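Morning, everyone. Please look at the model on the screen, and we will walk through a sheet and some helices.

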Amino acid sequence: MAIERKELITYLDQLLQPHQFNDYAPNGLQIEGAQTIQRIVAGVTASQALIDEAIAYGADALLVHHGYFWRNETYPLVGIKKQRIKSLMAHDINLIAYHLPLDCHPELGNNAQLGKLMGWVPDAHMQSSGVTGLGLYATLKEPITGAHMQQHISKVLGREALHIDSPLKPIKRIGWCTGGAQGMIEKAIELGLDAYVSGEISESTVHVARENNVHYFAAGHHATERYGARALAAHLQQELGLECEFVDIPSPA
């Protein structure tokens, strides 16, 4: 099966609703390649390693969560930026990226997928704006200790989660927002949650967690955001009959 580029972008825009977000980078088609798309490689970040995998796969499109042209990014096409774009254009590969829309989709999004993996059934969004929502929180069936939660997260994600402990406090209500959303710990506190999970941690996050008696888990930006692109690739393969391959380029961040 194959699809015209314009038709695929229209489908993705209808599915992910990027117009609902004030994002940090353009969503949708970022670099134009082949007009007809049959094979897609999906991944987290449009790194040179992922581009090389797309070339080897014979992909017509690279579909990622982290693309290019971020807010406040320098304009000149030099260094690795030049090399990445040159590689894509030389092989006529479309670069398609969705950032916040892929975090927030209620079924395929990074937050929804992480909750599903962890066995957390969402109560609601942590933060809502119109029809969009950022972050999720859930009420666990049974309280769990911080140590057991750290072990659970680490086992599911296959990497050691950093835990800022709240001694003697059981976890019954937990919130999460994937990637670099450590600042939303303030919202978790406002909601009265016992614990909050994100990808990254800042130095100040440690003190905010300790002083508000809240568990905090930094589980890795990449580790928490592997699942949206994978789910989206599977969706496109099932719904549109396209050849879609999710490629995970390991990252310790």
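In which sense do β5 and β6 pair, and over how many bridges? They pair in the parallel sense, over four bridges. Two strands count as paired if DSSP finds at least two bridges between them. Helices (H or I, at least four residues) and strands (E, at least two) are DSSP runs, numbered from the N terminus.

Some ground rules. This is a predicted model, where local features need pLDDT of at least 70 and side-chain atom pairs count only at pLDDT 80 or more, while totals for chains, interfaces and linings use all residues. Residues are numbered from 1 along each chain as its sequence is written, and side-chain values use heavy atoms, leaving out hydrogens and water.

Now the sheet. It is open, with five strands in the order β2-β6-β5-β4-β13 and mixed pairing. The edges are β2 (28-31) and β13 (243-246); each has a single partner strand, so one side of each has no neighbour in the sheet. On average, neighbouring strands are turned by 30° against each other, direction ignored. Angles here run from 0 to 180 degrees between N-to-C directions, and axes are lines fitted to C-alpha atoms, for helices over the stretch in contact.

Stay with β6, residues 94-97. Are its faces covered or open? Both are covered: Asn94 and Ile96 on one side, Leu95 and Ala97 on the other, are all buried. Buried means under 20% relative accessible area, exposed means over 50%, and partly exposed is in between (1.4 Å probe, protein chains only). β6 also pairs with β2, in the antiparallel sense, over three bridges. Find Ala97 in β6: it is the bridge partner of Gly28, and Val64 stands opposite Ala97 too.

Move to β13. It pairs with β4 (residues 39-45) in the parallel sense, over four bridges. Within that strand, Glu243 is the bridge partner of Arg39.

Which strands does helix α2 touch? Helix α2 (residues 48-57) packs on the sheet and touches β4, β5 (61-66) and β13. Its direction makes about 170° with that of β4. Contact means heavy atoms within 4.5 Å.

Glu53 is partly exposed, at a relative accessible area of 37%. Not counting residues up to four places away in sequence, Glu53 touches Val41, Val247 and Ile249.

Next, α10. This helix lies across β4, β5 and β13, running at about 165° to β13.

Take α5 (residues 110-118): its angle with α10 is about 95°, and the axes are 8 Å apart. The two are therefore roughly perpendicular. Angles of 65 to 115 degrees get that label; under 35 is roughly parallel, over 145 roughly antiparallel, and the rest oblique. Asn110, Gln113 and Leu117 of α5 meet Tyr227, Gly228, Ala229, Arg230 and Ala231 of α10.

Last, α1 (residues 5-16) and α10 (residues 227-240). They pack at about 120°, with axes 13 Å apart. So α1 and α10 are oblique to each other. From α1, the contact uses Leu8, Tyr11, Leu12, Leu15 and Leu16; from α10, Leu232, His235, Leu236, Glu239 and Leu240.
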